[in-house]
Amino acid sequence: MTDNTITWQVQMFILFMYLSSVGGQVSYSIPEEMEKGSFVGDLVQGLGLDIKRLKSGNARIYSGGSTEYMEVDRERGVLVIKERIDRESLCGKTSPCSLHYQLILENPMEFYTINVEITDINDNAPSFKNSPFRFEIIESSLIGAKFVLESAADPDVGMNGLQSYSLKPTDNFILKLHSQTDGSNSVEMVLQKPLDREKQDQLTLVLTAMDGGNPPMSGTAEIHIIVLDANDNAPVFTQPIYKASVTENTAKGTILTTVSASDLDETSNGKVTYSISKSMDAFSDIFEIDENNGDVRLFGELDYEKARHFQINIKAKDCCGLTDSSKIILNVIDINDNSPLIDFMSTSKSIPEDSPQDTVVAILKVIDPDSENNGKVHCLIQETMPFTIRSTLNGFYSLVTALPLDRETQSEYNISVICTDEGIPSLSSRVILTLKISDVNDNAPVFHKSSYDAYVIENNPPGLSILSVAAADPDWNQNARVSYLLQDTSVNGLSVSSFVSVNSETGVVHAVRSFDYEQLKDFHFKIKAQDGGSPPLSSNVIVKLFILDQNDNAPQILYPVQPAASLVAEMVPRSADVGYLVTKVVAVDVDSGQNAWLSYKLVKSTERSLFEVGLQNGEIRTIRQVSDKDSVKQKLTVIVEDNGQPPRSATVIVNVAVADSFPEVLSEFTDRTDDEDYNDNLTFYLILALAVVSFLFIMSIATILSVKCYRWKQERIFHKSSGNLPVIPYYPPFYSDVGDTGTLPHVYNYEVYRTNDSRRSDFKYGRPVSQSTVSLDPSGTQTLTKIRGERETNENSEKEQKPPNTDWRFSQNQRPGPSGCSKLESAELRWTSNKRTRAGVPPEGAVGTGPWPNPPTEAEQLQALMAAANEVSEATATLGPGTMGLSTRYSPQFTLQHVPDYRQNVYIPGSTATLTANPQQQALPPPQAQAPPPTQAEAPKAAQTPASKKKSAKKEKK
């Protein structure tokens, strides 16, 4: 710790001994070198505080910028050690050594003074800086000659400090102590027995320094003495104490003083050299002395705030080792070289705007290390602000409010505090404290207008925006958030909320319903603007809403009453004069203003030249004499129109009877009415009939087009199949499948012979589903596996062709088409009843599956065969034997008896392939010759379409 800090601590201790703190003070005494966390004192008991107050006030220690050796334990309310304290480093030789702290409490702000005295313990032994000591003493030195020894240093104070010295052996020398003004002792070694160089030219002594601690501690230094020949006079200083003064800003190298010593000896024995004693004094390095002339110069820098006094020990020595000692007392003069130091002990970042006067904003501590007037400080606020600064204690200032605050006027202050000392010239320091004024809900919302007038045209749509009200609140944040509320009042006995609504955020007033000027012309209501403060503040404004009329009502005919006017007629005698008042059309308009101005016009009349209508009054009068040619029934159409934009009108029909007797008028009106009713009914039924007929016609056209499109698609599918007729199978009784499905009782195999070109057809091959063995010949000797082996052998032969089964094919004379054939391939087809096709084929073949059609009728099957024969008739006319001519095919003898059973043997036109049955099927009689079993139902037949019926009829004619 620096000397400046030690000096400050001492000053603060002396100051607080005489001055009382704001909240009180307490003093404690503890030894140095206590462990961290050690108990110092009970703040609750010493200051009369509560532990809760220490917690809520965030109690803390303010050390003024120095090391905080202690801290507050808020949980126990005690003061404990924070850092280990070394009294010697903290205070040096100063006694008593005290620490001065301020205990700061907040909410409300308070502080207390705590003084802690640090007592010394014997933790340092005396020591010598320059050990061993060397002396050269002439043997002729007189008894009582003095030799100054370097003093031992012990940082401890009091009884723990240096107390005594001892010297061993004491044959020639003894010790002599001299008290100094600073309380220390100078040590001299005094010769008590003459030296004899011839007996002993060197001596070694042990100097021991002891303190008064318990237990005591000591330090030793060796003294080496060389005995010289005679020099019987020692140097002697002219003054025992030299005094000097110097200002703290003196430049380096300045001569502070000059010392002088004399030696009565001559020549070299009388030459004196000067030196500064090399002790443990830290200030010895600040000065230097010229060893020849004794000039003492400033070698370092002086600071009054660190050290105000210096004691410099000097020594004069002759050539033979005789010495004398003296000292220089140097006083440092203070100058105003330090500006005031301003430190905020506690500050508030913000205060509410409704804070009362004298509210503490911050506590400052101002220190000026200078002395006297140079250290006297005055603080003030630079600008005019609603704050003032007051001195509460020596060096402590409070920044408080002086005037009421208003956040809406100024929400933030930059308070500049300037502290100036009384030195010449004066020095000053400035700090700026930023203080924010927090908002308080002290302003109610204010509307932009004192009242609002709004106009809306009637028949407005619900939700129409009528007007917008706005209010401003100078407060901030939530306190300035304005909400708009509709005050609950009544209008015509209903709540005003059923007429209008207001948006709570924007203040936009909307119409809840559609207004009707004829029912409500104006009304007023109140809107309240309320802020979001706590408690909230509000203000009201009156809104007057005027409904503007719109021409939304057509004139209403009061007379003649409708529809009774069509049955009632005004009678005009044939002898009526010009201007005869027939009747008067009376109408009203509930609108107002010019929207209710009515005008009457005659738009249609049986006799246009007979009547007129008054434009303003609606009176119907004759404009000429009634003649015999005029019809008895006169029908007048009068339109009543208002003056609105756009205008609205109403029409009334006035029946006028030109007759002298009432029965004539009655018969005329009754007959005409019946005729009109009849004509109206007839027109309605005619229109209805026309609509029905048109609908049926359109549906018929759509149905015909659908049928045409369907047939066209079927024909295209047939042409894409290269002209091949489909194989039309037949279901014999007990037809079944013995394969994987097991749905049919028997298996029927078909052999298919195809040409090379037939590869382009849609015929597919499929591998057998299973490898089950099925009997394929009557004897049962062949199996499916064996037949496959034979077919694989036949396919490996390129030229060999399997002959067709002659029993199931046309003879050469009967078969149409070319008789030649090319390379054939065979396949086995197996038909099932579940709409799938199964086949036993060579391994490289596969057959696809497809839907199974309904069995066709015999007439359709015969028709397909005959149509195929017609298509190839021209191609077979030039062929040789083996062809069947037209005469054969169409002769009377060509009947169904000459045609093989088409259900078991089907010929495909355009190809030489023939579907044949196996030998088992050949043995069966023709289907048409068999009578179906009584227990078996007939195979289902496909329903005949109209097209098939026409073809069957043509076939029967042929």
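## Close-up views of side-chain contacts

**View 1. Phe-237 and Tyr-274 are both buried.** The model shown here, as in every view that follows, is a predicted one. A search for aromatic pairs comes to a count of 14, and one of them is formed by Phe-237 and Tyr-274, whose rings lie 6.2 Å apart from centre to centre, with 50 degrees between their planes, an arrangement that counts as tilted. The two residues belong to distant parts of the chain, since Phe-237 is in strand β15 (residues 236-237) while Tyr-274 is in strand β19 (residues 273-276), and 37 residues separate them.

**View 2. Phe-499 and Phe-523 form a tilted aromatic pair.** The ring centres of Phe-499 and Phe-523 are 5.6 Å apart, and the angle between their planes is 50 degrees. Phe-499 is found in the loop between β38 (494-495) and β39 (500-502), whereas Phe-523 is found in strand β41 (residues 522-530), so this pair ties together parts that lie 24 residues apart in sequence. Phe-499 counts as buried because its relative accessibility is 5%, under the cut-off of 20%. Phe-523, at 6% relative accessibility, likewise counts as buried. Phe-499 and Phe-523 also belong to one aromatic cluster, together with Phe-515 and Phe-525.

**View 3. Charged side chains sit over the rings of Phe-499 and Tyr-517.** The ring of Phe-499, already seen in its pair with Phe-523, has the charged end of Arg-513 over it, at 4.4 Å from the ring centre. In a second contact of this kind, the charged end of Lys-521 is placed over the ring of Tyr-517, and here the distance to the ring centre is 4.9 Å.

**View 4. A disulfide joins Cys-91 and Cys-97.** The search of the whole structure finds two disulfides, and in the one shown here the sulfur atoms of Cys-91 and Cys-97 are 1.7 Å apart. This link between Cys-91 and Cys-97 is right-handed, with 60 degrees about the S-S bond. Cys-91 has a relative accessibility of 3% and therefore counts as buried, and Cys-97, for which the value is 2%, counts as buried too.

**View 5. A disulfide joins Cys-379 and Cys-419.** The sulfur atoms of Cys-379 and Cys-419 are 2.0 Å apart. The torsion about their S-S bond is about 105 degrees, so the link between Cys-379 and Cys-419 is right-handed. The bond connects distant parts of the chain, with Cys-379 in strand β27 (residues 377-381) and Cys-419 in strand β30 (residues 412-421), which puts the two cysteines 40 residues apart. Cys-379 and Cys-419 are buried. When the bonded cysteines of the protein are numbered in sequence order, the pairing reads 1-2, 3-4. For reference, two further cysteines may be located in the model: Cys-319 counts as partly exposed at 36% relative accessibility, and Cys-709 counts as partly exposed at 45%.

**View 6. Glu-106 and Arg-60 meet in a salt bridge.** Side chains of opposite charge can pair when their charged atoms come close. The count of salt bridges comes to 17, and in the one between Glu-106 and Arg-60 the distance from N to O is 3.9 Å. Glu-106 is partly exposed, its relative accessible area being 23%, and Arg-60 counts as partly exposed at 26% relative accessibility.

**View 7. Glu-68 and Lys-82 form a salt bridge.** The closest N and O atoms of Glu-68 and Lys-82 are 3.5 Å apart. With a relative accessible area of 30%, Glu-68 is partly exposed, as is Lys-82, with 32%.

**View 8. Glu-88 and Arg-87 form a salt bridge.** In this contact the closest N and O atoms of Glu-88 and Arg-87 lie 3.7 Å apart. Glu-88 is buried, with a relative accessible area of 12%, and Arg-87 counts as buried at 1% relative accessibility. Elsewhere, salt bridges with shared partners join Glu-33, Glu-35 and Arg-84 into one network.

Methods. Residues are numbered from 1 along each chain as its sequence is written. This is a predicted model: local features need pLDDT of at least 70, side-chain atom pairs count only at pLDDT 80 or more; totals for chains, interfaces and linings use all residues. Side-chain values use heavy atoms; hydrogens and water are left out. A disulfide is a pair of cysteine sulfur atoms within 2.5 Å. Buried means under 20% relative accessible area, exposed over 50%, partly exposed in between (1.4 Å probe, protein chains only). Helices (H or I, at least four residues) and strands (E, at least two) are DSSP runs, numbered from the N terminus. A salt bridge is a side-chain nitrogen of Lys or Arg within 4 Å of a carboxyl oxygen of Asp or Glu. Rings of Phe, Tyr and Trp (its six-membered ring) pair if their centres lie within 6.5 Å; planes under 30 degrees apart count as stacked, over 60 as edge-to-face and the rest as tilted. A charge sits over a ring if NZ of Lys or CZ of Arg is within 6 Å of the ring centre and within 35 degrees of the ring normal.
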